[in-house]
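Student: I've got this model open on my screen and I'd like to go through its packing with you. Can we take it piece by piece?

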Amino acid sequence: MRGEVLHYDEVQGFGFITGADGNRYTFTRESLRRETTMPKGAAVEFRPGGGQARDVFSIAAQSAAPAVDASTSAAPPQAGNKAAAGASQAQHFGRSSEPAEPTDLWGYFWRGVTRNYFNFAGRARRKEYWGYCLFWTVCLLIIGGIGLFTDMDMGDFDSDVSAAVTVGLCGTFILATFLPSLGMIVRRLHDIGVTGWLCLVILIPTIGSLIILVCALIPTQARENKWGPVPAGVRV
(Lines give C-alpha, C1' and ligand atoms only; values in the text may rest on other atoms or scores of the structure.)
Protein backbone atom coordinates (compact mmCIF):
# COMPACT_ATOMS: atom_id res chain seq x y z
CA MET A 1 0.00 0.00 0.00
CA ARG A 2 1.13 3.54 -0.67
CA GLY A 3 1.18 6.20 2.01
CA GLU A 4 2.66 9.47 3.22
CA VAL A 5 4.91 10.03 6.24
CA LEU A 6 3.20 12.28 8.79
CA HIS A 7 6.00 12.20 11.37
CA TYR A 8 9.19 10.27 12.00
CA ASP A 9 11.48 10.77 15.00
CA GLU A 10 14.91 9.42 14.08
CA VAL A 11 16.10 9.60 17.70
CA GLN A 12 13.13 7.68 19.11
CA GLY A 13 12.85 5.49 16.01
CA PHE A 14 9.08 5.72 15.47
CA GLY A 15 6.61 7.56 13.28
CA PHE A 16 3.20 7.76 11.61
CA ILE A 17 2.05 7.04 8.07
CA THR A 18 -1.28 7.95 6.44
CA GLY A 19 -2.26 5.13 4.08
CA ALA A 20 -4.15 5.28 0.79
CA ASP A 21 -7.16 3.87 2.68
CA GLY A 22 -7.28 7.02 4.88
CA ASN A 23 -6.13 5.19 8.04
CA ARG A 24 -3.12 6.08 10.16
CA TYR A 25 -0.41 3.49 10.81
CA THR A 26 2.54 3.51 13.20
CA PHE A 27 5.99 2.29 12.22
CA THR A 28 9.37 1.87 13.90
CA ARG A 29 12.98 1.88 12.76
CA GLU A 30 12.87 -1.92 12.61
CA SER A 31 9.98 -1.68 10.11
CA LEU A 32 12.16 0.10 7.52
CA ARG A 33 13.37 -2.04 4.63
CA ARG A 34 16.61 -0.06 4.61
CA GLU A 35 18.05 2.52 7.03
CA THR A 36 17.17 5.89 5.51
CA THR A 37 15.74 9.27 6.45
CA MET A 38 11.95 9.62 6.41
CA PRO A 39 11.10 13.34 6.07
CA LYS A 40 7.55 14.50 6.70
CA GLY A 41 5.50 14.26 3.52
CA ALA A 42 7.67 11.56 1.90
CA ALA A 43 5.78 9.01 -0.24
CA VAL A 44 6.33 5.41 0.88
CA GLU A 45 5.22 1.86 0.19
CA PHE A 46 4.43 -0.44 3.13
CA ARG A 47 2.64 -3.57 4.25
CA PRO A 48 -0.29 -2.75 6.63
CA GLY A 49 -1.37 -4.99 9.46
CA GLY A 50 -3.00 -4.41 12.84
CA GLY A 51 -2.61 -0.64 12.70
CA GLN A 52 1.12 -0.93 12.03
CA ALA A 53 3.15 -0.47 8.85
CA ARG A 54 5.79 -3.08 8.04
CA ASP A 55 8.43 -3.38 5.34
CA VAL A 56 8.39 0.40 4.81
CA PHE A 57 10.50 1.91 2.04
CA SER A 58 10.65 5.30 0.38
CA ILE A 59 9.37 5.56 -3.19
CA ALA A 60 11.83 8.40 -3.83
CA ALA A 61 14.74 6.24 -2.70
CA GLN A 62 13.63 3.41 -4.98
CA SER A 63 13.38 5.72 -7.99
CA ALA A 64 16.84 7.19 -7.32
CA ALA A 65 18.65 4.21 -8.88
CA PRO A 66 16.90 4.44 -12.28
CA ALA A 67 17.67 8.15 -12.26
CA VAL A 68 21.42 7.37 -12.06
CA ASP A 69 21.19 4.94 -14.97
CA ALA A 70 19.31 7.50 -16.98
CA SER A 71 22.29 9.85 -16.79
CA THR A 72 24.33 7.43 -18.93
CA SER A 73 21.67 6.97 -21.59
CA ALA A 74 19.71 10.01 -22.77
CA ALA A 75 15.99 9.60 -22.11
CA PRO A 76 13.30 11.15 -24.29
CA PRO A 77 12.22 14.59 -23.03
CA GLN A 78 8.57 13.50 -22.79
CA ALA A 79 9.43 10.54 -20.56
CA GLY A 80 11.41 12.84 -18.26
CA ASN A 81 8.48 15.22 -17.95
CA LYS A 82 6.12 12.37 -17.09
CA ALA A 83 8.51 11.09 -14.40
CA ALA A 84 8.77 14.56 -12.86
CA ALA A 85 4.99 14.91 -12.85
CA GLY A 86 4.64 11.49 -11.21
CA ALA A 87 7.16 12.40 -8.51
CA SER A 88 5.29 15.64 -7.83
CA GLN A 89 2.01 13.75 -7.42
CA ALA A 90 3.64 11.18 -5.13
CA GLN A 91 5.00 13.95 -2.92
CA HIS A 92 1.47 15.23 -2.27
CA PHE A 93 -0.13 11.80 -1.96
CA GLY A 94 -2.88 11.24 0.62
CA ARG A 95 -4.00 13.61 3.34
CA SER A 96 -2.12 16.77 4.16
CA SER A 97 0.46 16.46 6.90
CA GLU A 98 -0.44 17.39 10.46
CA PRO A 99 0.61 20.83 11.71
CA ALA A 100 3.83 20.96 13.68
CA GLU A 101 3.85 20.28 17.42
CA PRO A 102 3.02 23.46 19.41
CA THR A 103 6.04 25.23 20.85
CA ASP A 104 4.26 27.06 23.67
CA LEU A 105 1.59 26.35 26.29
CA TRP A 106 -1.01 28.51 24.53
CA GLY A 107 -0.56 26.37 21.42
CA TYR A 108 -1.52 23.26 23.37
CA PHE A 109 -4.64 24.95 24.73
CA TRP A 110 -5.69 26.28 21.33
CA ARG A 111 -5.17 22.89 19.70
CA GLY A 112 -7.18 21.27 22.49
CA VAL A 113 -10.27 23.44 21.92
CA THR A 114 -10.07 23.44 18.11
CA ARG A 115 -8.48 20.43 16.36
CA ASN A 116 -8.76 18.09 19.40
CA TYR A 117 -12.25 19.19 20.42
CA PHE A 118 -13.60 15.61 20.33
CA ASN A 119 -10.41 13.57 20.49
CA PHE A 120 -10.34 10.67 22.95
CA ALA A 121 -7.57 8.73 21.19
CA GLY A 122 -3.81 8.98 21.40
CA ARG A 123 -1.63 10.38 24.17
CA ALA A 124 -1.00 13.77 25.80
CA ARG A 125 2.28 14.59 27.54
CA ARG A 126 2.37 16.46 30.86
CA LYS A 127 3.33 19.75 29.18
CA GLU A 128 0.29 19.55 26.91
CA TYR A 129 -2.07 18.72 29.79
CA TRP A 130 -0.86 21.46 32.14
CA GLY A 131 -0.63 24.03 29.34
CA TYR A 132 -4.28 23.36 28.57
CA CYS A 133 -5.25 23.59 32.27
CA LEU A 134 -3.32 26.85 32.73
CA PHE A 135 -5.00 28.74 29.89
CA TRP A 136 -8.39 27.16 30.61
CA THR A 137 -8.17 28.65 34.12
CA VAL A 138 -6.94 32.01 32.80
CA CYS A 139 -9.83 32.19 30.32
CA LEU A 140 -12.34 31.27 33.03
CA LEU A 141 -11.01 34.02 35.32
CA ILE A 142 -11.18 36.60 32.52
CA ILE A 143 -14.74 35.60 31.63
CA GLY A 144 -15.71 35.61 35.31
CA GLY A 145 -14.19 39.08 35.75
CA ILE A 146 -16.15 40.42 32.77
CA GLY A 147 -19.31 38.97 34.28
CA LEU A 148 -18.64 40.52 37.69
CA PHE A 149 -18.04 43.99 36.27
CA THR A 150 -21.20 43.68 34.17
CA ASP A 151 -23.27 42.56 37.15
CA MET A 152 -21.95 45.42 39.31
CA ASP A 153 -22.65 47.93 36.58
CA MET A 154 -26.20 46.62 36.15
CA GLY A 155 -26.79 46.46 39.90
CA ASP A 156 -27.54 42.73 39.85
CA PHE A 157 -25.99 42.23 43.28
CA ASP A 158 -28.74 44.40 44.77
CA SER A 159 -31.53 42.45 43.08
CA ASP A 160 -33.14 39.05 43.59
CA VAL A 161 -31.15 37.59 40.66
CA SER A 162 -27.61 37.94 41.96
CA ALA A 163 -24.61 37.61 39.60
CA ALA A 164 -26.77 36.36 36.73
CA VAL A 165 -24.33 37.48 34.02
CA THR A 166 -21.32 35.99 35.80
CA VAL A 167 -23.00 32.64 36.31
CA GLY A 168 -24.26 32.61 32.72
CA LEU A 169 -20.91 33.43 31.13
CA CYS A 170 -18.90 31.03 33.28
CA GLY A 171 -21.46 28.26 32.86
CA THR A 172 -21.43 28.67 29.08
CA PHE A 173 -17.63 28.52 28.97
CA ILE A 174 -17.49 25.39 31.13
CA LEU A 175 -20.11 23.63 29.01
CA ALA A 176 -18.40 24.66 25.76
CA THR A 177 -15.05 23.24 26.89
CA PHE A 178 -16.38 20.11 28.62
CA LEU A 179 -15.60 17.71 25.76
CA PRO A 180 -12.06 18.97 25.00
CA SER A 181 -11.27 18.95 28.73
CA LEU A 182 -12.54 15.39 29.10
CA GLY A 183 -10.58 14.33 26.03
CA MET A 184 -7.42 15.89 27.47
CA ILE A 185 -7.83 13.89 30.69
CA VAL A 186 -8.38 10.67 28.73
CA ARG A 187 -5.29 11.23 26.57
CA ARG A 188 -3.18 12.05 29.66
CA LEU A 189 -4.27 8.74 31.21
CA HIS A 190 -3.34 6.95 27.99
CA ASP A 191 0.10 8.59 28.17
CA ILE A 192 0.88 6.92 31.49
CA GLY A 193 -0.38 3.56 30.23
CA VAL A 194 -3.82 3.27 31.85
CA THR A 195 -7.29 3.17 30.32
CA GLY A 196 -9.14 6.43 29.75
CA TRP A 197 -12.18 5.01 31.53
CA LEU A 198 -10.33 5.80 34.77
CA CYS A 199 -11.54 9.38 34.26
CA LEU A 200 -14.89 8.23 35.71
CA VAL A 201 -13.33 8.34 39.19
CA ILE A 202 -13.71 12.13 38.99
CA LEU A 203 -17.38 11.50 39.83
CA ILE A 204 -16.26 10.47 43.32
CA PRO A 205 -16.36 13.65 45.46
CA THR A 206 -12.91 14.98 46.47
CA ILE A 207 -11.07 11.65 46.15
CA GLY A 208 -11.76 11.38 42.42
CA SER A 209 -10.23 14.77 41.66
CA LEU A 210 -7.15 13.91 43.73
CA ILE A 211 -6.68 10.65 41.79
CA ILE A 212 -6.82 12.52 38.48
CA LEU A 213 -4.35 15.10 39.84
CA VAL A 214 -1.87 12.38 40.81
CA CYS A 215 -2.22 10.71 37.40
CA ALA A 216 -1.61 14.06 35.67
CA LEU A 217 1.70 14.42 37.56
CA ILE A 218 3.05 10.99 36.54
CA PRO A 219 5.76 11.19 33.81
CA THR A 220 5.14 9.94 30.29
CA GLN A 221 5.47 6.20 29.77
CA ALA A 222 8.83 6.00 28.01
CA ARG A 223 7.81 3.50 25.35
CA GLU A 224 5.13 2.93 22.78
CA ASN A 225 1.89 1.56 24.22
CA LYS A 226 -1.41 0.50 22.67
CA TRP A 227 -2.58 4.13 22.52
CA GLY A 228 0.36 5.28 20.40
CA PRO A 229 4.08 6.09 20.44
CA VAL A 230 5.84 8.41 22.87
CA PRO A 231 4.59 11.98 22.19
CA ALA A 232 6.93 14.20 20.19
CA GLY A 233 9.30 16.28 22.28
CA VAL A 234 9.47 13.88 25.23
CA ARG A 235 12.99 12.82 26.23
CA VAL A 236 13.26 9.17 27.23
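Student: Is the crossing of H6 and H7 left-handed or right-handed?

Tutor: Keep in mind that this is a predicted model. H6 covers residues 178-191 and H7 covers residues 207-217, and their axes come within 9 Å. Where H6 passes H7, the crossing is left-handed.

Student: How many nonpolar residues are in the contact of H6 with H7?

Tutor: On the H6 side you'll find Ile 185, Arg 188 and Leu 189, and they meet Ile 212, Cys 215, Ala 216 and Leu 217 in H7. Of these residues, one is charged and no polar ones turn up, while the nonpolar ones number six.

Student: What about H4 and H6, are they roughly parallel or roughly antiparallel?

Tutor: Their axes come within 10 Å and cross at roughly 155°. The cut-off here is over 145 degrees. The crossing is left-handed, and the angle makes H4 relative to H6 roughly antiparallel.

Student: How many charged residues sit in the contact of H4 with H6?

Tutor: H4 brings Arg 126, Glu 128, Tyr 129, Tyr 132 and Trp 136, and among their partners in H6 are Arg 187, Arg 188 and Asp 191. The contact has six nonpolar residues and one polar, and the charged ones number five.

Student: Let's switch to the rings. What kind of aromatic pair do Tyr 8 and Phe 27 form?

Tutor: The structure holds nine aromatic pairs. For Tyr 8 and Phe 27, the rings lie 5.2 Å centre to centre with 15° between the planes. Planes under 30 degrees apart meet the cut-off, so this pair is stacked.

Student: Which strands does that pair link?

Tutor: Tyr 8 and Phe 27 are both buried. They are 19 residues apart and link distant parts of the chain, namely strands S1 and S3.

Student: And what kind of pair do Trp 106 and Phe 135 form?

Tutor: Trp 106 is partly exposed at 37% relative accessibility, and Phe 135 is partly exposed at 23%. Trp 106 belongs to H3 and Phe 135 to H4, 29 residues apart. Their rings are 5.3 Å centre to centre with 75° between the planes, which makes the pair edge-to-face.

Student: Which residues do ring pairs link into a cluster with Trp 106 and Phe 135?

Tutor: Besides Trp 106 and Phe 135, the cluster takes in Phe 109, Trp 110 and Tyr 132.

Note on methods: Residues are numbered from 1 along each chain as its sequence is written. This is a predicted model: local features need pLDDT of at least 70, side-chain atom pairs count only at pLDDT 80 or more; totals for chains, interfaces and linings use all residues. Side-chain values use heavy atoms; hydrogens and water are left out. Rings of Phe, Tyr and Trp (its six-membered ring) pair if their centres lie within 6.5 Å; planes under 30 degrees apart count as stacked, over 60 as edge-to-face and the rest as tilted. Helices (H or I, at least four residues) and strands (E, at least two) are DSSP runs, numbered from the N terminus. Buried means under 20% relative accessible area, exposed over 50%, partly exposed in between (1.4 Å probe, protein chains only). Axes are lines fitted to C-alpha atoms, for helices over the stretch in contact, and angles run from 0 to 180 degrees between N-to-C directions. Angles under 35 degrees count as roughly parallel, over 145 as roughly antiparallel, 65 to 115 as roughly perpendicular and the rest as oblique. A crossing is left-handed if the near helix is turned anticlockwise from the far one by less than a right angle, and right-handed if clockwise. Contact means heavy atoms within 4.5 Å. Ala, Val, Leu, Ile, Met, Phe, Trp, Tyr, Cys and Pro count as nonpolar, Asp, Glu, Lys and Arg as charged, and the others, Gly among them, as polar.
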